[in-house]
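Take a moment to look over the model below and turn it around on your screen. Then we'll walk through it together, beginning with a stretch that calls for some caution.

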Amino acid sequence: MASSSTTTGSMSSDQEDQQQLQLVDQRKRKRMLSNRESARRSRMRKQKHLDDLVSQADQLKKDNGQIITTVSITNQLLGNLEAENSILRAQLAELTNRLQSLNDIINCINSTTNSPYDHDLIGDYDHDNRLLMMNGPDVLMNPWNSLPLNQPIMASAHDQMYMY
């Protein structure tokens, strides 16, 4: 009878070993499945991150293109404004020279018509009568006679442009 108890003892030991092996095997399979699922989630996160980066790169390229277009248009407008500014400065210089020439002409006319002898010859007549007496009746048809000859021509303040 002793041999039968050792047999049952060894069988139960074999069954326990098998059960432990099955338990270990079941744990391994469960861990493998868990690892596979974790790896799948990791790949999905990486793919989502890559898709987000590609989308962001596309958006940045689009924004960059719009900025380049805006800068190009702005540079073109700047060139146009610089050209217009150059033209206006040239016109200012020309008008300033014309104004100076007109003032020189007025000064020249004033120096010849307002001689010290005019007052003595004419007396206390008003300006038109003095012109009639000095130059005859044709003097009223001369457009220069309507100008006050003793005043230089002045540009108004809002017409002035300043050169930088």
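Over residues 118-125, pLDDT stays under 50; pLDDT is the predictor's confidence in each residue, on a scale from 0 to 100. For this stretch the model has eight contacts beyond four places in sequence, where a contact means heavy atoms within 4.5 Å. You're looking at a predicted model, so local features need pLDDT of at least 70 and side-chain atom pairs count only at pLDDT 80 or more, while totals for chains, interfaces and linings use all residues. Residues are numbered from 1 along each chain as its sequence is written, and side-chain values use heavy atoms, with hydrogens and water left out.

How does confidence look elsewhere? Across the protein chain the mean pLDDT is 79, and 62% of the residues reach 70 or more.

Now for the overall build. Take the contacts between residues at least 6 apart in sequence: 62% of them join residues at least 24 apart.

What about the surface? The protein chain exposes about 14,300 Å², and carbon and sulfur atoms supply 57% of that; the areas come from the Shrake-Rupley method with a 1.4 Å probe, and for residues only the protein chains shown count as cover. Of the 164 residues, 7% count as buried. Buried means under 20% relative accessible area, exposed means over 50%, and partly exposed is in between (1.4 Å probe, protein chains only).

Let's zoom in on some side chains. Those of opposite charge can pair when their charged atoms come close. The structure holds five salt bridges, each one a side-chain nitrogen of Lys or Arg within 4 Å of a carboxyl oxygen of Asp or Glu.

Start with glutamate 37. Its side chain meets that of arginine 40 in a salt bridge, 2.3 Å from N to O. Both sit in helix α1 (residues 2-113), three residues apart, about one turn of the helix. Glutamate 37 also forms a salt bridge with arginine 41, with the closest N and O atoms 4.0 Å apart. Those two are separated by about one helical turn because they are four residues apart in helix α1. Put together, Glu37, Arg40 and Arg41 are linked in a network of salt bridges. Glutamate 37 is partly exposed at 30%, arginine 40 is partly exposed at 36%, and arginine 41 is partly exposed at 41%.

Glutamate 94 and arginine 98 are four residues apart in helix α1, which means about one helical turn between them. Glutamate 94 is partly exposed at 41% relative accessibility, and arginine 98 is partly exposed at 49%.
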